[in-house]
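Reader: Could you take me through this protein step by step? I am new to reading structures.

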Amino acid sequence: RLAFKVLAGQRLHINQQQYSLPEEGHMDMCLEQLKSIEHSSLIIVENYRCFDQLQKIKLNLPSQYANPLVIYRGDNVYSEQTLRQLLETVRLPVIAMFDIDLKSLLMACSFPYVIGLMCVSLPELDSLLQKGNVELYAKQLPGCQQALDISEEPVIKKLWALLRQHQKVWVQEHDLRARYALEMMGFVG
């Protein structure tokens, strides 16, 4: 199954129909029931709490991606594999909205058609990482360091350098009710 929604104030456009969803709600549907998506892009949100409370996160998107379908990445109920099947079928630009941690940077690059990552500005992130999560950084480092070291994607290289400098990561839940806005950092490759 897939869980998806739209940004606050927008209408859901799927299967040649339009739907109004409450800001706090989402639609749950089997992949086979989703025949078409009439949105310009997809945003994949890593954490369910942030997906559920998306209206509390400030997003600045480029105008061509301002009407995305927002999809929860998955867990034990919603399969990431089903999400990946959808991405291969619809072939729309994908924007990752993930934790800024080592595993999530690698995961963001692993999705087909990914064009960027939602993130606070680099100077703001540099400041925020003062209060970042050192334990999660240490836990993820052994399994991710080598792959991040050889990444050719400039956005990933910049974020990895900041995380390595601070030896801390920034989890997505901090974005709820934050004063800052997330912006799309576009990928090159």
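Predicted model: local features only at pLDDT ≥ 70, side-chain atom pairs only at ≥ 80, totals over all residues.

Reader: What percentage of the residues is buried?

Author: Buried residues make up 51% of the 189 residues. As for contacts, among those with a separation of 6 or more, 75% are between residues 24 or more positions apart.

Reader: Let us turn to the sheet. In what order do its strands lie?

Author: The order is S4-S1-S7-S5-S8-S9-S10-S6, which is an open sheet of eight strands with mixed pairing.

Reader: Which strands stand at the edges?

Author: Those are strand S4 (27-29) and S6. Each has a single partner strand, so one side of each is left without a neighbour in the sheet.

Reader: Do tell me about S6, then. How many bridges join it to S10, and are the two parallel or antiparallel?

Author: Strand S6 (residues 59-60) is joined to strand S10 (residues 182-186) by two bridges, and these strands run parallel. Asn-60 stands opposite Glu-183 in S10.

Reader: What about S9 and S10?

Author: Strand S9 (residues 114-119) and S10 run antiparallel, with four bridges between them. Here Leu-117 is placed opposite Met-185 in S10.

Reader: Now the helices. At roughly what angle do H3 and H6 cross?

Author: Helix H3 (residues 102-110) and helix H6 (residues 154-166) cross at roughly 175 degrees, and their axes come within 11 Å. An angle over 145 degrees counts as roughly antiparallel, which means that H3 is roughly antiparallel to H6.

Reader: Which residues meet there?

Author: From H3, Leu-102, Leu-105 and Cys-109 meet Ile-156, Leu-159, Trp-160 and Leu-163 in H6. By class, this contact of H3 with H6 has seven nonpolar residues, with no polar and no charged ones.

Methods. Residues numbered from 1 in each chain as written. Heavy atoms only, no water. Axes fitted to C-alpha atoms, helices over the stretch in contact; angles between N-to-C directions. Parallel < 35°, antiparallel > 145°, perpendicular 65-115°, else oblique. Contact = heavy atoms within 4.5 Å. Nonpolar A, V, L, I, M, F, W, Y, C, P; charged D, E, K, R; others polar. Pairing = 2+ DSSP bridges. Buried < 20%, exposed > 50% of the residue type's maximum accessible area, 1.4 Å probe, protein only.
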